[in-house]
Amino acid sequence: MISARPTARRITSGQSIRLVEATAVLACAFGTAVLSWQFFRFLVVFPAPALLAAALEIPLLLLGFAVLRRLRPARPPALAWSAAALVWGATAAAGCALLANRGLIGLWAKGAGTRFAADWSASLSAPLNEEVLKVCGVVMIVLAAPAVILGPLDGLILGGLVGLGFQATENVTYGLNGIVLSGATNPVQAVADSFTVRVGLTALGSHWTMTAIAGAGVGYLVARRRGAAHGGVLPAAACLLTAMAMHLIFDAPQIAEVVKVGLSFAAFCVVYLLLTNAYASRARDALAHQIAAGTISRHEAASLLSRRRRRQELDRTSAAERQLLARRQASHLAEVERDAA
Amino acid sequence: MAADARGRGLAVSATRFRLRWLASVVAVMALLTAGWPLLNSAVANRQPLPGGAKLTIGSGASGSAMVTVGPGWSVQPAQSNGTQEYRLRKAAVVVDIRHVSLVDRYQVPGLWGGMRQVLAVIDPGARLSKPVSFTAPYELPALTGWISSRPLVGTVTIVPGPARDFAIGMVVLAPRGTSRALLAAAHRIVISLMFSAASK
């Protein structure tokens, strides 16, 4: 008789992490294949505009990547996992969403008529498909690297990076679709026009804000599993539903772009401020405990949570001691982060 | 010993947790990515239109046009979108009606070349003839020509709107040997094109 129970015993923790990583790589490869299959012909027929559409996203990606990582207090999330989040959004989530949306939009058109679908199918399909597929990337990071996302603030940052990757890919596809919608009469202008709207006008309140909030929800689940008092299923569900609602409003017809963008950006700012305040308060408590236990001096504790002050401390130290101090700072910080997240 | 056992227990629990969540993520992704398309393909992609039905393509009075459809035609909803495209079908004849947004009137001469390139993306096997100019209703200058997309043949017609800020492209495709009556029915849709702005 085959039993399911011994399976987990036979697979070691390391093997299960490698399985998660392999699945993530496979999902990213699948998403890339779907996107290539869908848009390869654009590269053949419109090589210069297609490359322009991709090149225009590079500054957005670099700037967004740097700013989002910088938003995490004390120190940025691990570079490799930040990049992994971006890649998941740009490939696995974007590719799968292309197929999922096509299916669901087709169902809306068949069930509710083409006029209704023209107005509402995107806003009724994308929040469900895209938010879930994007947040799966945050969950995969939790499974592959449990130390990277310890709470809602980590989830918010990594989620934002997943959304940023998705947003960049979507911008490229919109630019390419713009060529078709304008009858290919001026492909470069079609790409530039799409870029102006999607980066110049709506970028501030687009996918990165929504997935950041959904990602914070994953962080709440992680915090709950770690036994932290602020963790919970309810805030996690609330975050995912909020992200979906933001997406619905963002895609809804007859709402001014400035309102949609403003709402999404404001929602992100409110959640970010709430989470950073709570995080800072817990970090200060954790430091006070460490000082009381004598594991860290009051002087070291004073500079630990600030990037600038940690750097200043390192600059004041002799070259021989710098590495040692940096290691000590990292070790104390890791402990504080565990408690604060 | 007890600590070792507890450590092993925690590791097993973490591994189980990881595998359970991995399975959930894969299941959810598969459900969305394959589930919706499968469900969509299971629902009939054909909605019959009443004879004389008028279809508006585009948005707003100044940016839209209308065609009148004869009896026996159906719309394929999955490929149709009231603001950008309609795909109509009657037996083996397919009529694609596309709304093309233009930035200014100087883009009008590029419409035929643009259509050739768009077809190279969406239907790489399609071949388009040189265009012939004709005057559409309301004295609007238009272009038409032949298209061949094995095993189908047909016509392409492009009519710029009165203000030249958009155009309507219509592609009729049918297998060789399709009855003249069916082709004439498709042609009647093409020549029924009316611009909301011009008709005022």
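Helix α3(A) passes helix α7(A) in a right-handed crossing, where right-handed means that the near helix is turned clockwise from the far one by less than a right angle, and left-handed means anticlockwise. This is a predicted model, in which local features need pLDDT of at least 70, side-chain atom pairs count only at pLDDT 80 or more, and totals for chains, interfaces and linings use all residues. Residues are numbered from 1 along each chain as its sequence is written, while chains are lettered from A and ligands numbered from 1 in the order in which they are written. Helices (H or I, at least four residues) and strands (E, at least two) are DSSP runs, numbered from the N terminus.

**Helix α3 against helix α7, chain A**

- The axes of α3 (residues 47-55) and α7 (residues 152-181) of chain A come within 8 Å and cross at roughly 150°; axes are lines fitted to C-alpha atoms, for helices over the stretch in contact, and angles run from 0 to 180 degrees between N-to-C directions.
- α3(A) and α7(A) are therefore roughly antiparallel, given that angles under 35 degrees count as roughly parallel, over 145 as roughly antiparallel, 65 to 115 as roughly perpendicular and the rest as oblique.
- On the α3(A) side the contact uses Pro49(A), Ala50(A), Ala53(A) and Ala54(A), and on the α7(A) side Val172(A), Gly175(A), Leu176(A) and Ile179(A); two residues are in contact if their C-beta atoms, placed from the backbone, lie within 7 Å.
- Seven residues of this contact of α3(A) with α7(A) are nonpolar, one is polar and none is charged. The classes are Ala, Val, Leu, Ile, Met, Phe, Trp, Tyr, Cys and Pro as nonpolar, Asp, Glu, Lys and Arg as charged, and the others, Gly among them, as polar.

**Helix α7, chain A**

- α7(A) has 30 residues and should span 44 Å at 1.5 Å a residue, which agrees with the 41 Å between its end C-alpha atoms; the expected span is 1.5 Å times one less than the number of residues.
- Of the 30 residues of α7(A), 26 are buried, so the helix is mostly covered. A residue is buried if 20 or more other C-beta atoms lie within 10 Å of its own, exposed if 12 or fewer, and partly exposed in between, with C-beta atoms placed from the backbone.
- Gly183(A) follows α7(A) and has a positive phi, near 65°.

**Helix α6 against helix α10, chain A**

- The axes of α6 (residues 114-144) of chain A and α10(A) come within 8 Å and cross at roughly 140°.
- That makes α6(A) oblique to α10(A), and α6(A) passes α10(A) in a right-handed crossing.
- From α6(A), Ala122(A), Ser123(A), Ala126(A), Pro127(A), Leu128(A), Glu130(A), Glu131(A) and Val135(A) meet Leu240(A), Ala243(A), Met244(A), His247(A), Leu248(A) and Asp251(A) of α10(A).
- This contact of α6(A) with α10(A) has nine nonpolar, two polar and three charged residues.

**Helix α11, chain A**

- α11 (residues 257-293) of chain A has 37 residues and should span 54 Å; its end C-alpha atoms are 53 Å apart, which agrees.
- Buried residues in α11(A) include Phe268(A), Leu275(A), Tyr279(A), Arg282(A) and Leu287(A).
- The cover over the buried residues of α11(A) includes α7, α9 (207-225), α10 (233-251), α12 (298-304) and α14 (319-340) of chain A.
- Just after α11(A), Gly294(A) takes a positive phi of about 80°.

**Val199, chain A**

- Val199(A) lies in helix α8 (residues 187-201) of chain A and is partly exposed, with 19 other C-beta atoms within 10 Å.
- Val199(A) and Ala168(A) are 31 residues apart in sequence and 9.2 Å apart in space, C-alpha to C-alpha.
- Apart from neighbours within four places in sequence, Val199(A) is in contact with Leu60(A) and Asn171(A).

**Contact between chains A and B**

- Chain B contributes 45 residues to the contact and chain A contributes 41.
- In chain B, α1 (2-42), β6 (93-101), α2 (111-122) and β11 (166-175) each supply at least two residues of the side that touches chain A.
- α1(B) gives the most to that side, with 19 residues.
- The side of chain B that touches chain A divides into 28 nonpolar, 15 polar and two charged residues.

**Backbone details, chain B**

- Arg150(B) and Pro151(B) are joined by a cis peptide bond with omega of about 5°, and Pro151(B) is in the loop between β9 (140-149) and β10 (152-160) of chain B.
- Ala91(B), although not a glycine, has a positive phi of about 50°. Ala91(B) lies in the loop between β5 (85-90) and β6 of chain B, and counts as partly exposed with 14 C-beta neighbours inside 10 Å.
- Arg164(B) has a positive phi near 60° and is found in the loop between β10 and β11 of chain B.
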